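Q: I'm new to this one. Could you put it up and walk me through it?

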Amino acid sequence: MKPKVNRRNFLKAVGAGSAVTASAGLWFFGTQAGQDPASYTGMTNREGGFQTFNRRKWSVSKPTYEKVGETSRPDARTEVIFARMGQIRGYDKAKGLGEFPQHVQDYYKAHPEDLELDTTVRQEIHAKRSEEIKKPHDEFILSKAWSSAMGAVGPRGVNAPPEKWDFPRGSNTPYKMKDPKRTSRLIKKISHQFGSTLVGIAKLNPDWVYKYPMNGGRGFKANEPMEVPEHWQYAIVVGVPMSWDPMYANPPYGTSNDAYSLSRIVAHRLTAFIKNLGYAARPHTPGADYDLMVPPIMVDAGLGEQGRHSIVITPELGCNFRPSIVTTNIPMAPDKPIDIGVQDFCKTCKVCAKQCPSGAISHGEKVEIRGYKRYALHSSKCSNFWSSKLGNMGCRLCVAVCPYTRKSNWLHQAALNVSLHDPTGLSDIALAKMQEVFYPGQEPQKYYMPSMGGENASYRPVPWWLKTDDFIDTADGE
Amino acid sequence: MWFFTSGAFWFIEGILCALAVIGLKVWMEDRNTPMRLWKWVLVGAWMLLLGFTIAFIGTSVGENEMVAAKKGGIIFSVICVIFGAVVWQLLQIGRVKNTGDLKTDKNEEV
Ligand code: SF4
Ligand code: SF4
């Protein structure tokens with residue numbers, strides 16, 4: 001006899017089965033979304049397909065930094081830590097600063113704490129580090145090899161002043177561009193084609209150009225004031241991410257070299273492209289090949305807002321990117337700055353300040369720097385920490401811990417959208433709290449090397465493909 | 001793009017949800033519990049919360065963020081259970097006990 005099935009019971013059973021299956025499906029969706037290669041924003045360029053944020057909706061007429069006083073241009077010789085380190089070389093405490101150039105004396109008179117940090121403290125740290133690196137540190141073999149390889153390819157730096165270097169060779173008459181808006185569109189498309197994840201265009205504010213060049217490189221004479229060349233009318237900002245998984249394993253395992261290298265390549269390609277159209281162009285690229293400050297130009301170009309840690313936060317990559325700039329005179333329509341609520345979020349968040357092992361990031365309010373209000377960053381403390389740990393060069397921990405630096409999956413996109421659309425600011429408080437509870441870091445002291453009381457810790461575990469032990473036999477030749 | 005993050009997955013997920021809703025409807029009818037619009041809204045909200053909780057834990061595990069998976073999982077699961085219990089109590093409003101069937105085809109066979 002054919003078994004009889006009650007129709008209503010059948011529907012209930014199907015419903016219950018469907019609910020269980022749908023729940024299981026959501027579990028698998030979640031685990032795959034967490035690992036999805038497509039969430040590694042920018043790691044394949046997708047021809048600009050990653051620059052998806054609707055900036056027009058959040059554009060504002062004024063940048064989110066505040067102009068509060070008389071502005072002045074930065075003196076790169078002392079205000080850029082890499083240049084300052086060169087300026088104070090050979091310092092002897094007993095002799096004092098008397099033999100150093102006036103600008104060095106003036107800087108350290110105004111910043112006495114930096115003198116101690118840049119000399120005595122740094123020497124002590126370097127001595128400890130020299131001892132420490134004598135011991136074998138096998139755990140970094142793969143990450144160092146990877147970092148070094150990532151930095152192995154890059155175009156030659158700029159070696160002549162703007163009036164010589166920036167212009168196309170020969171008597172190229174610039175092609176007549178039809179319309180600045182179209183040119184902007186073209187430049188953006190081409191930048192993405194060259195490998196950039198992000199691109200924005202700003203009218204260049206001369207306040208961001210150095211008053212004195214860093215170390216007299218790039219064709220500038222040391223200690224001679226720099227004029228802002230007339231043909232530096234626009235700044236095109238490009239940016240690419242650092243590999244996501246190692247970036248979360250900072251400070252010791254991450255590297256900037258991958259993004260530095262690609263960012264430089266993109267900027268030099270873009271420079272060549274613009275010169276081929278007959279216009280002037282000059283790349284300003286990482287590590288330290290700059291004639292200007294990058295973060296405020298990124299803000300002007302609408303790519304993001306400057307955070308408490310001084311790095312620009314973008315909606316797509318958070319602060320996980322390395323930018324380059326091309327200054328040019330090809331006529332373009334600049335982008336507008338955006339306001340995505342970073343200024344308010346940073347007021348409550350402070351995760352970077354709490355995690356920063358060196359105490360370089362301010363816990364306090366913004367201060368006036370050269371006529372603009374922003375959070376202060378103690379670059380001497382920051383750079384001293386770079387030598388207080390082992391592994392790859394640099395730190396980048398503030399990049400890794402910032403809640404905006406998240407891969408692009410539904411969860412983090414949803415959090416960003418809640419923060420963007422909540423006018424009360426309550427969600428910012430909740431999200432900042434969630435960041436601390438759900439994504440905690442280490443005790444800051446643990447990030448130091450053992451001889452400085454730490455464990456050489458990383459924010460997140462090293463990715464499997466950088467685990468030396470799993471691939472290299474490091475046991476003493478038995 | 002993997003299957004579970006593809007459009008095809010969400011298509012199937014939609015069908016499964018629809019079947020679950022039909023099952024719930026039949027079940028509530030059999031329990032002589034009328035379902036009003038506001039009740040469906042509550043059920044929908046609870047389903048969203050449950051879905052969010054499961055997907056949150058899964059995504060955190062996928063990202064290797066075990067602290068988020070554990071802490072978030074506990075917090076959101078507790079909220080989900082409490083909200084579920086409240087919704088269940090509210091669904092009982094208007095239930096007719098021990099009377100005849102609301103549907104005449106209750107014992108229909110297929
Ligand atoms: S790079 Fe490291 S030391 Fe420097 S500010 Fe960021 S977290 Fe602090
Ligand atoms: S970690 Fe928090 S406070 Fe620091 S920059 Fe990011 S959002 Fe701002």
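A: First, a term: helices (H or I, at least four residues) and strands (E, at least two) are DSSP runs, numbered from the N terminus. This is a predicted model, where local features need pLDDT of at least 70 and side-chain atom pairs pLDDT 80 or more, while totals for chains, interfaces and linings use all residues. Residues count from 1 along each chain as its sequence is written, chains are lettered from A and ligands numbered from 1 in the order written, and side-chain values use heavy atoms, leaving out hydrogens and water.

Q: OK. How many helices and strands are in chain A?
A: Chain A has 17 helices and 9 strands. Its radius of gyration (taken over C-alpha atoms) is 25 Å.

Q: What box do its C-alpha atoms fill?
A: Along the principal axes, the box for chain A is roughly 105 × 70 × 50 Å.

Q: And what share of chain A counts as buried?
A: Of its 478 residues, 53% are buried. Buried means under 20% relative accessible area, exposed over 50%, and partly exposed in between (1.4 Å probe, protein chains only).

Q: What about chain B, how many helices and strands there?
A: Chain B has 3 helices and 0 strands. From the N terminus on, the order is α-α-α. Of the 110 residues of chain B, 38% count as buried.

Q: How do α2(B) and α3(B) cross?
A: Helix α2 (residues 37-62) and helix α3 (residues 66-91) of chain B cross at roughly 165°, and their axes come within 9 Å. Axes are lines fitted to C-alpha atoms, for helices over the stretch in contact, and angles run from 0 to 180 degrees between N-to-C directions. That is why α2(B) and α3(B) are roughly antiparallel to each other. The cut-offs: under 35 degrees is roughly parallel, over 145 roughly antiparallel, 65 to 115 roughly perpendicular, and the rest oblique.

Q: Is that crossing left-handed or right-handed?
A: α2(B) and α3(B) make a left-handed crossing. Left-handed means that the near helix is turned anticlockwise from the far one by less than a right angle; clockwise is right-handed. The residues of the contact of α2(B) with α3(B) divide into 21 nonpolar, 6 polar and 1 charged. Here Ala, Val, Leu, Ile, Met, Phe, Trp, Tyr, Cys and Pro are nonpolar, Asp, Glu, Lys and Arg are charged, and the others, Gly among them, are polar.

Q: Back to chain A. At what angle do α8(A) and α10(A) pack?
A: Helix α8 (residues 180-194) of chain A packs against α10(A) at about 135°, with the axes 9 Å apart. That makes α8(A) oblique to α10(A). The crossing of α8(A) with α10(A) is right-handed.

Q: Where is A:A267?
A: A:A267 sits in helix α10 of chain A. It is buried, with a relative accessible area of 0%. A:A267 and A:V14 are 253 residues apart in sequence and 58 Å apart in space, C-alpha to C-alpha.

Q: And A:T119, buried or exposed?
A: A:T119 counts as buried, at 4% relative accessibility. Its place is in helix α5 (residues 112-132) of chain A. A:T119 and A:M85 are 34 residues apart in sequence, and 8.8 Å apart in space, C-alpha to C-alpha.

Q: Now the ligand. Which residues are around ligand 1?
A: The residues with a heavy atom within 4 Å of it count. They are A:C356, A:P357, A:S358, A:I361, A:C382, A:F385, A:C395, A:R396, A:L397 and A:C398. By class, the shell has 8 nonpolar, 1 polar and 1 charged residues.

Q: What kind of peptide bond joins A:N250 and A:P251?
A: A cis one, with omega about 5°. A:P251 lies in the loop between α9 (244-248) and α10 (257-276) of chain A. Another cis bond joins A:P286 and A:G287, with omega about -5°. A:G287 is in the loop between β4 (281-284) and α11 (295-300) of chain A. Most peptide bonds are trans, and most residues other than glycine have a negative phi.

Q: What about phi of A:R218?
A: Phi of A:R218 is positive, about 55°, although the residue is not a glycine. A:R218 lies in the loop between β2 (198-203) and β3 (234-240) of chain A, and at 7% relative accessibility counts as buried. A:R370 has a positive phi too, near 50°. Its place is in the loop between β8 (367-369) and β9 (372-374) of chain A.

Definitions and conventions: The radius of gyration is taken over C-alpha atoms; the globule rule is 2.2 Å times the number of residues to the power 0.38.
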